[in-house]
Amino acid sequence: MDKEINYTESYFADDRVDGIEKVTGKAKFAAEHPLAEMAYAVFVCSTIPKGAIKNMVLYEARNAPGVLDIIYYLNCPTIPGHRPYDKDPNKKGFEWRGLKVFNDNIIYSNGQPIALVIADTLERAVYAASLVKAEYVTEDFITDFEKGKKDEALLKKAGDYKRGEADAYKTAAVFVEDEYTIPIETHNPMELHATTAVWEGDNKLTVYDKSQGPKGTQAELARNFGLDEKNVRVVTEYVGGAFGSALRSWPHVPAAVIAARKVKRPVKLVLTREQMFTMVGYRPHAWQKIAIGAGKDGKLVGISHHAISNTSTYEDFSEGIVGVSQFLYDCPNVNTSYKLLPLNINTPTWMRGPGPATGCFALECALDDLSYKLNIDPIELRLINYAEVHPASKLPWTSKFLKECYALGKEKIGWHNRAAIPGSLKENGMLVGYGMAGGVFGAGRGQAAAKGILKSDGSLVLQSAVSDMGPGTSTAMVTIGAELMGLPMNKIKFELGDTDLPPGPTQGGSGSTSAVGAAINAVCDSLKQTLKEMAIQQVPAFSTAKPEDVQYKKGMLFFKSDKTISISYTDLLQQSGKPEIEVIKDSARASAEAQKYAMHSFSVHFVKLQVHPVTGVIRLEHIVSTADAGKIITPKPARSQMVGGAVGGIGMALTEEVVIDHHFGRYVNSNFGDYHVPVNADTPIIDVLFADKPDPIINPMGSKGIGEIALVGVAPAIANAVYNATGKRVRELPITPDKLLS
Amino acid sequence: MINFEFVRTSTVKNAIAALSKTPGAQFIAGGTNLVDLMKKGVAAPKRLIDINSLPLRDITSDSKGILIGALALNSEVAEHPLIKNKLSLLAKALDAGASAQLRNMATIGGNILQRTRCSYFNDSTMPCNKREPGSGCGAKNGYHRMHAVFGASDKCIAVHPSDMCVALAALDAVVHTAGPKGERKVLFADFHRLPGDNPELDHHLQPGELITGIYVPANSFNKQHYLKIRDRASYAFALVSVAVALEVTDGIIKNAKLSMGGVAHKPWRLISTEQFLVGKAASKETFTEAAAVAMTGAVGLTHNRFKIKMGKAAVREALLQAIR
């Protein structure tokens, strides 16, 4: 890496490079690839939560106009990955993770796909699907989390942890001990999950999919269908939001592939909004019990944190809910436990801030309670227990500018106006509350490869098979390329979302910029090195130089000792008769660094809100989100990402809740009218402040991730502000007006 | 979606004739509710009669009141100077309903005739006496946070979802209809039904009848307010809502009309509360007592019991806001 690169010098606008394509409709999402002879597939879904299909009546549907085929368990072709592999440990086999669509007649959840109707138009497929009738043998089921969590026999252990003494909080001068619950929340990105599958012959498959990881989807499909990976191409050029729901392939992906094979036509399968609730995961329902004890000086003595979250009966899904209590604050004694409760519903999955988003709700609310008991300001309490090194591993952090975040947010929200006594501050007849809470998520650097093609016309193409589900990955990669090569952004194109490109990571865990950016760094270094060598070999004026004597800056190669000797790289390429040079570079995972350092991004969210003293209606007035996410590569998209996370946090705190009818084991609000995602009117002014200090270890850019910490901590900050306003502590999300009625 | 016939008409007479011709025919105007129901398989009209070109979109007034055409859009009515100046309660209620996009499509007549948003009604795999008489009420023993605390029956505990209708009930509006047997005028409070044993019937419109307009008589209410409490700030149905129209002179309430939304199968007029208020001082104390009167007789179930408390808070707050 050339030393003259200065990331603080932001001389390029950071408008989204794909913004115009998106707002003008030119961008093609998974369901928007028009193909000749396209057929349309629509799922028929189970209407019971547990049991088996006894009979399926297909006659009417088969004879409906335009129907090409109906696939269900009795006629579904044998899929290599769908058969349970031989349990013999000496044999290796791939088994599809999760529901094996149309594999048998067993029903695991309400809304499970039981048949796929394929027709020549979408309308005809929808109509024919409505004619399919299923008869079931029903079995006793459990969908009620509250009921199930009391039955120890149903619970599965998912990990215990102990440091120092267990339950040491009991010995502390002051302690709090309470239970917290969050309901199921769904990702429900604007773009519906969709798969368009195309076979060429029997062995070559192309899939246009909504996926956060084209390479991951490629591997899953290749193994599931017994194909060579090189014969499976997955295209995910544009993704309209996902928040984790597209981190893995759900049953609709193989279903579309099976259908395309059967009807020998390209098949498009788009989930309905209702199916977005029952087929592509969600943040699990979680119960937590947390106890925190401290001395009168506020120094933590012990934390005990226990959690149960739900999974399905056919797959275990766990996430690091209690992990935050192990390291976010300096505390000598910590014990945690985590259990899973299998329910007869579909499998949950990672959703923005998975684990910490849930865990921080309990931890940060409990700390808030503790601050009132101790009569210590909540920010002060956190500073008293500031972890200088990772409390569990004792490793230093690669970087931690959390103190800066507290200071930035405290100032911006006007924390000095906060009343120390809950319910004592009023403005215009409304109760006013201030609250804050912290967030955290792992940082690091995953493996990634990238290719650079530098052309004699002055343009640069960068490539990696990653997705950009909305955070602005493309914009960040173009920015990094532009700064490294000293080229204007409009000369650089980042190509992504295609498995034909060099392998990139799955977009998740706030890791794309770090991993892919590091690969782009390696590519740009290599391109510059190649140019220097070419100059020495081919330009007489440079022929006596060694590579280290040549300098590259803003598209020009110079002799270090005599700057008058120079050549532009475009002239160099033209002189050499090469239209372009191309390099592929791999950037390794930060495994060695992880041995020596702890790596995390941190956030602190501050909230000012009003509560109507009689009706309990909450009005958010101001949110300030601060973050230590290392060096910010693209300020505008980074800010947008933080704002989006804050809005997600508002939903978690105040409005979002999937409701299940436990008599029928069926979701009752699986639509956007009844499942309340926050709207503009719920959203206050959101200010975003970054510490913006480069991390010296994780990657050459100095960046850490933003995606998760944008949301983690927002919900407890709101709950803490509600408490400050009203004196009412709501420990069951969402905080709807009825919970605050006086 | 099941295939259906689609016809357009341009006169009231033809529309009524077109409806009578085919059993299972339905009028369609904005379609913001009906199209959803058709997609979900809850409604399956064999014939849709598009009435959007009928000359029923005008808003006119005379000395006795304001006549709003049935096809006037929710957003047009809310923005109309006559409504804003003389019927601010109605304008506020309209603005509280649905979302801007829906209000730009939905008509006044359609708003009155919209179906309940009860989840069980909207999911054809669930039991619902309103959708399928005799199948049972899923909500009663299921999830009923949004459901009725007044006037419910064993057969149905659904609520009417409209905000506009709550205001129209308080304003003593009159529904104008035309049908095969001629024109009728129905007092708004008598237009919708309680569920009783026939929850499949939402209202008293006769077979073949079309709503042509809403007449709102002139009034002397100098204090009006619509308060809606909901789970999010826009695009959410009322947990409870209150329409208040008061005539207050020298601090004394001369006339009072109140109704509630989100609590019953129809806009719920608070007659006893109105009687209680008349002649009393417009004060916090009066309003607190009135709120208790308003919720007398309310019956809550597990998930909607909070509405009794919330209803009290809302009535008191709406009255206070009205005189502010």
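A:Val668, A:His676 and A:Leu741 supply 18% of what chain A buries against chain B, more than any other three residues. The model is predicted: local features need pLDDT of at least 70 and side-chain atom pairs count only at pLDDT 80 or more, while totals for chains, interfaces and linings use all residues. Residues are numbered from 1 along each chain as its sequence is written, chains are lettered from A and ligands numbered from 1 in the order in which they are written, and side-chain values use heavy atoms, with hydrogens and water left out.

In terms of contact (heavy atoms within 4.5 Å), 30 residues of chain A meet 28 residues of chain B. Two salt bridges are counted between chain A and chain B, a salt bridge being a side-chain nitrogen of Lys or Arg within 4 Å of a carboxyl oxygen of Asp or Glu. B:Arg145 forms a salt bridge with A:Asp738, and their closest N and O atoms are 3.1 Å apart. On the side of chain A that touches chain B, 15 residues are nonpolar, nine polar and six charged. For these classes, Ala, Val, Leu, Ile, Met, Phe, Trp, Tyr, Cys and Pro count as nonpolar, Asp, Glu, Lys and Arg as charged, and the others, Gly among them, as polar.

The cysteines come next. With a disulfide taken as a pair of cysteine sulfur atoms within 2.5 Å, the count over all chains is zero. A:Cys405 is in no disulfide, and the nearest cysteine sulfur, that of A:Cys360, is 14 Å away. A:Cys405 is also buried, at 0% relative accessibility; buried means under 20% relative accessible area, exposed over 50%, and partly exposed in between (1.4 Å probe, protein chains only). In chain B, the sulfur of B:Cys156 has its closest cysteine sulfur in B:Cys137, but at 6.0 Å this is too far for a bond. B:Cys156 is buried as well, with a relative accessible area of 5%.

The side chain of A:Arg445 reaches two backbone oxygens: that of A:Ala588 at 3.0 Å and that of A:Ile698 at 2.8 Å. Leaving aside neighbours within four places in sequence, the residues in contact with A:Arg445 include A:Ser514, A:Arg589, A:Glu593 and A:Asn699.

Technical notes
Buried area = accessible area lost by both parts, 1.4 Å probe. Polar contact = N/O pair within 3.5 Å; in protein donor to acceptor, adjacent residues only side chain to side chain.
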